[in-house]
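Dear colleague,

Please find below the structure that I am handing over to you.

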Amino acid sequence: MVKKEEKATETVEKVTKPETVKLMYIGPSLPAGALKANAVFYGTKEEILKELDATIKKIPQVEKMLVPVSELAEKKDKVKTTGNILNKYYSEIQSITAHNSETEV
């Protein structure tokens, strides 16, 4: 039998513990190996964003191209669809990297 105190502690831990996720970057590869297309990241969303902080500061659209692996098929289709927001972000990233091709992203 679980005591009320133990049960309450378990509930608090579940609420406060950040969820671990698996995200894939579905944008184009960035120059100088800064970020490869289809790279998979595993951890909390905060950890992943911290790891990509420098890249996201230079190209904010990168954050929008991180999608849960469970939604991968749907999101990749949207990237290919003209007029979709993910397609717009993909194109913007390509444009930014082409413009900055001589500098490291």
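**The strands and the chain as a whole**

Five bridges connect strand 1, made of residues 20-25, with strand 2, and these two strands run antiparallel. Within this pairing, V21 lies opposite G43 of strand 2. Please keep in mind that the model is predicted.

The pair belongs to a wider arrangement. Three strands make up an open sheet, and their order across the sheet is 2-1-3, with antiparallel pairing. Strand 2 (40-44) and strand 3 (66-68) are the edge strands, since each of them pairs on one side only. On average, neighbouring strands of this sheet are turned by 40 degrees against each other, direction ignored.

The sheet may next be placed in the context of the chain. In total, the secondary structure consists of six helices and three strands.

Some values describe the chain overall. It has 105 residues, of which 30% count as buried. The accessible surface amounts to about 7,500 Å², and carbon and sulfur atoms account for 52% of it. How many of the contacts between residues at least 6 apart in sequence join residues at least 24 apart? The share is 54% of such contacts in the chain.

With kind regards

Definitions and conventions
Residues numbered from 1 in each chain as written. Predicted model: local features only at pLDDT ≥ 70, side-chain atom pairs only at ≥ 80, totals over all residues. Heavy atoms only, no water. Pairing = 2+ DSSP bridges. Helix = DSSP H or I, 4+ residues; strand = E, 2+ residues; numbered from the N terminus. Axes fitted to C-alpha atoms, helices over the stretch in contact; angles between N-to-C directions. Buried < 20%, exposed > 50% of the residue type's maximum accessible area, 1.4 Å probe, protein only. Contact = heavy atoms within 4.5 Å. Areas by Shrake-Rupley, 256 points an atom, 1.4 Å probe, with all protein chains shown as cover.
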